[in-house]
Amino acid sequence: MKKYSDYPENETPWTKYKIVVPTEEDRQELMKGFEHFHYSDVDTENIVVNQLIHEYLDEERIEGTKNNIIVDSVLYNKLTNNLIGKTLNLDLGSLSPVTVTIKEITDTKVIVDYKNSTPGRFEEFSIDDFEYISGLKIK
């Protein structure tokens, strides 16, 4: 690991990273964890360690301070693929539910592939509509 003592002052090679979480509650929990690390016996001479343990700081604690924890449920779901490829039975008002597989989630829509009833057919739903008919929380 890179250490502060290996570099001239003001030439710190910061590690570039972002942490994506689905909810503000997850962000707050991570910040509490980083704060716990901050007040533990940790060698902060290591640059990346020092960066990480300060992720508990934000605008609420120090004006003008931001951390690298991003709350974005759609991006989180895309990155973790925890919904991509998921097969569901949806009640779209027909006589029987239709089986679909989630193919893609964007900032504004969910794209599904129909199974059995109309193989090869894709349909786009707004995120709000898809959440309503599927009962899943996406954003």
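**Starting from one threonine**

Modeller: Not counting residues up to four places away in sequence, Thr101 touches Gly85, Lys86, Thr87, Ile111, Val112, Asp113 and Lys115. Please keep in mind that this is a predicted model.

Biologist: Which element is Thr101 found in, and is it buried or exposed?

Modeller: Thr101 belongs to strand 4, and it counts as buried because its relative accessibility is 6%, where the cut-off for buried is under 20%.

Biologist: Which side chain does Thr101 make a polar contact with?

Modeller: The side chain of Thr101 is joined to that of Thr87 by a polar contact of 3.0 Å, and Thr87 is also among the residues that Thr101 touches.

Biologist: What is the bridge partner of Thr101 in strand 5?

Modeller: That partner is Asp113, and Asp113 in turn stands opposite Phe122 in strand 6. Another pairing of this kind puts Thr99 with Lys115 of strand 5.

Biologist: How many bridges join strand 4 to strand 5, and how many residues lie between them?

Modeller: Six bridges join strand 4, residues 98-105, to strand 5, residues 109-115, and the two run antiparallel. They form a hairpin, with three residues between the strands. On to the next pairing, strand 5 is joined to strand 6 by five bridges, again in an antiparallel arrangement.

Biologist: What is the order of the strands in the sheet?

Modeller: The sheet is open, with four strands in the order 3-4-5-6 and antiparallel pairing. Its edge strands are strand 3 (87-90) and strand 6 (122-126), each of which pairs on one side only. From one strand to the next, the twist averages 40 degrees.

Biologist: Why is strand 5 described as largely enclosed?

Modeller: Strand 5 is largely enclosed by the rest of the structure because five of its seven residues are buried.

Biologist: And which helix lies across the strands?

Modeller: That is helix 4, residues 127-134, which lies across strand 3, strand 4, strand 5 and strand 6, and runs at about 100 degrees to strand 6.

Biologist: Switching to packing, which residues touch the most other members of the largest nonpolar core?

Modeller: That core has 15 residues, and the ones touching the most other members are Val100, Ile102, Ile105, Val110, Val112, Phe130 and Ile138. Strand 3, strand 4, strand 5 and helix 4 are the elements that give two or more residues to this core, with strand 4 giving the most, at four residues.

Biologist: What is Ile105 in contact with?

Modeller: Leaving aside neighbours within four places in sequence, Ile105 is in contact with Val74, Asn77, Lys78, Leu83, Ile84, Val110 and Ile138.

Definitions and conventions
Residues numbered from 1 in each chain as written. Predicted model: local features only at pLDDT ≥ 70, side-chain atom pairs only at ≥ 80, totals over all residues. Heavy atoms only, no water. Pairing = 2+ DSSP bridges. Axes fitted to C-alpha atoms, helices over the stretch in contact; angles between N-to-C directions. Contact = heavy atoms within 4.5 Å. Buried < 20%, exposed > 50% of the residue type's maximum accessible area, 1.4 Å probe, protein only. Polar contact = N/O pair within 3.5 Å; in protein donor to acceptor, adjacent residues only side chain to side chain. Core = buried A, V, L, I, M, F, W, Y, C linked by side-chain atoms within 4.5 Å.
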